[in-house]
Amino acid sequence: MLLLCALAPAATVAWAAARAGGVLNGHPVTEVRPWVGDLGVELSFRLDGFALLMLALVSGVGVAVFVYAWRYFAPRPDLGRFAGLLTAFAGAMLGIVLTDNLLVLYVCWELTSVTSYLLIGFEDTKPASRAAALQALLVTGAGGLAMLGGFVLLGQAAGTYTFSEILASPPSGGTVGIAAALVLAGAFTKSAQVPFQSWLPGAMAAPTPVSAYLHSATMVKAGVYLIARFAPALAPVVVWWRPVVVGVGVVTMLVGGLAALRQHDVKLLLAHGTVSQLGFLVALFGAGWEEATFAAAALMLAHGLFKATLFMTVGIVDHAAHTRDLRQLSGLHVTLRPVAVVAVIATASMAGLPPFLGFVAKEAGLEALLHEGSRGLLVLGGIVVGSALTVAYGARYVWGTFATKPGPAGAPMPSTPVDQPGPAFLAPVVALTVGTVVLGALPVLADPLVGAAATSLDPRVEGVHLQLWHGVSVALGLSALAIVVGTALFLRREVVARLQARLPATPSGTEVYHSILTGTLHLADRVTAVVQSGSLPRYLQVTLVTLLALPGVALLRGPGIPTDLPFAENPLQLAVGVLVVGAAVAAARARRRFAAVLCLGGVGYGVAVLFVVQGAPDLALTQLLVETLAVVVFVLVLRHLPERFSEGSRGLSRVSRVVISAGVGVFVASFAVIAGEARRGSPVSGELLERALPDGGGRNVVNVILVDFRALDTLGEITVLAVAALGIASLVLSGRSSGKAGTAARDPDLPAPEAVGTDDRPVTVSGATGGDPVG
Amino acid sequence: MTLLGERSLLLDVGIRAVFHTVLLFGVFLLFAGHNAPGGGFIGGLVTSAAFVLRFVADPEGRSGRPLPFHPTTLLGGGIALAVLTGTASWLFGGELLESGKVTLHPPLLGAVKVTSALPFDIGVYLVVIGLVGTFLTTLGTEQEGTT
């Protein structure tokens, strides 16, 4: 299955190779398909030099990882899911590097976030895996959202969402600065730059093939990719771009290197090393200097090759020796000789030792910074220190994994027992290492690809070539210095460890992440506790005060109450009106709940009589029936409440209730009068009356409106009725404790109470039946 | 025990006398509704009132259940009927919820006009009964002191 899926990246490589000739000569391949036409979003793809380099990495390393994963996993039922996810991820990653539309890029970006979430959490029975996956998703997802905002600002400022057009003529102005900051937030989170670096070591909970692919060669490179694309265009426009991006890159390189020196788990060591290398890449690309861009493109290729190799060797060691703790591994340089050779070559490339590709790339980087003069010096210093750290943690990795270590009594530690890996397990690692060696020894082979990549990023890159031997130069001296210092750091590792232990403890990124997460949850709890107090009078007050504040104020500014209102049209109206008002006052003054309910019913019946007087029998009949049933329902509820209202509040609270009630009463009454007079358009009733019989086939206009002209409204209303019925039933049943007599009569069709109200949330019905709903 | 205290023979007999009449009146209102006062909503309320009356007199019911039906069945069935009626016209090429008319000539009753609004109205009718039924089975059957 995994081998079958390996065909997908393999096909991509073949496709790209077929078109490589033209692309290397500076003729990008483009494809455009319409997608969301109304928004101007097109599935436009553009294969230029840099995209070709990324494609070679994503798909080339992809093939190796698929083959590796095929031997890595013991047969298990969910391998199909794994293969599908990894293929989907590779596709999304290709989308990022190939698309020429910012919005499509964002979609692919989020697709890699989602698929990587699922891949990191692939061991979904382990809580640690799920937590690490969630952290990666939240951090990169938050960054992705910021990036979307940046893209929109940028697209609006430039008038187009086509990536290549924006880069060709970057917009300027204040919004571009904000847009750049937002885009960088996305890139920094994705590429694990300080201060967002902590998710990447956490993501090592993923199976090793995932780490080798996502966290070395592809996903974390997406942020670097974005910075590489934007830097030549935005660095001259946005004043703070260079110091911030290069600064973050250098700091990340140092922080990652220092953290790598502290690790005992070799996979974590490599993870922190990856953070460091990503910082290196960001620093080189971010400057937007043409030679540095060229060097960074070479380093991108080199890093993809050696870091994937290193992660895979860790996986092999883990499988063979069943541990990744360098304090327990010993003697593997004898027992796992082929793996050790490969790992040493890859580490040498990472540490920048000749004659490997990493050395060629780093030399190019140092040369480039030297050519920038004084502004490059500070960066240069940081990178030399970072390189020394790289040498030190590289040595720590090789020594820790493969060396025979001294035991407690001076005698060498016994060799860790190992199971020998099969040839197919080693094949992808060897293949990638061959790339490191050949391209390092003969950099002229990599030169066209790297050159085309750099030229497509920045057309000013010309006449720069990869060389293994620059002659005796300052850059060579700096490389040698880094190697010497790094070796010294490694040899004096006890001293370094003591110094590091003495440093003041800074909160790690994971701790900050956790405190933000728990803080957010606490805040949500607080807000819920305030907003959902569970007190019905409180809810009612908030609702009514809002009614007075918004439509009430609007009403005051409105046309005012018409003056020509008739007092009463006939004596019956007057009589019924007096009765209704009397009943309403009695309801408000009643001390017993039952009396209040009956008075309310009296109000309703009175209004029904008024409807009859006005000639609306349907309405009157409905009102009558609803009042009757309402009284019955009230009676059902009242059985569970005290007979009398509680004495209620005194003083200010009572006054405020009276004021609110009176205000709402006045508002509703005047609203009814004013709204009735405010009609400007011609009423629809005439047309409805005419059409009722011929179109609706009925003489009762009210009914025809309900079931024909406005049938969709009615459909919505009966749906609301049904939902309300189920909601009331669920609330009431959830108020009952299980095991008591109430459950016996429970309707088996209704949802179980457990499904509705959880114990720790205020359930409104408890306020309604146990508390004091009205007075 | 009834809802309002001791069982009363007078209430029992009185309600038994009017129960079927009210029930039938509700159905009449439902069918008459298109041309005269009435309709699914009003008919449903009247029919519900019949069940409420019986429930007030005898909450446990002679069959041991407060209602002879499951309220939720009526709620779901009513909405399903209304939706099906509405979409039927749509499926046959008309607008969603457009009503059609047929004049039937069943024996004895003469010409009877039937519109597709009628099944829609029956849906409304069922939902209303289901709603009131839900009140009765939940609020009504609650034992004293269980909240």
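Two residues are in contact here if their C-beta atoms, placed from the backbone, lie within 7 Å. By this criterion, 47 residues of chain A are in contact with 48 residues of chain B. The model is predicted: local features need pLDDT of at least 70 and side-chain atom pairs count only at pLDDT 80 or more, while totals for chains, interfaces and linings use all residues. Residues are numbered from 1 along each chain as its sequence is written, and chains are lettered from A in the order in which they are written.

Helices are DSSP runs (H or I, at least four residues), numbered from the N terminus. On the side of chain A that touches chain B, helix 26 (617–638), helix 29 (701–709), helix 30 (711–735) and helix 31 (764–770) of chain A each supply at least two residues. Helix 30 of chain A gives the most, with 14 residues. By class, this side has 26 nonpolar, 14 polar and 7 charged residues; Ala, Val, Leu, Ile, Met, Phe, Trp, Tyr, Cys and Pro count as nonpolar, Asp, Glu, Lys and Arg as charged, and the others, Gly among them, as polar.

Within chain A, helix 13 (residues 290–321) crosses helix 15 (residues 337–351) and helix 19 (residues 443–457). Axes are lines fitted to C-alpha atoms over the stretch in contact, with angles from 0 to 180 degrees between N-to-C directions.

| Helix pair, chain A | Axes come within | Crossing angle |
|---|---|---|
| Helix 13 and helix 15 | 9 Å | roughly 145 degrees |
| Helix 13 and helix 19 | 9 Å | roughly 130 degrees |

The contact of helix 13 of chain A with helix 15 of chain A has 10 nonpolar, 4 polar and no charged residues.
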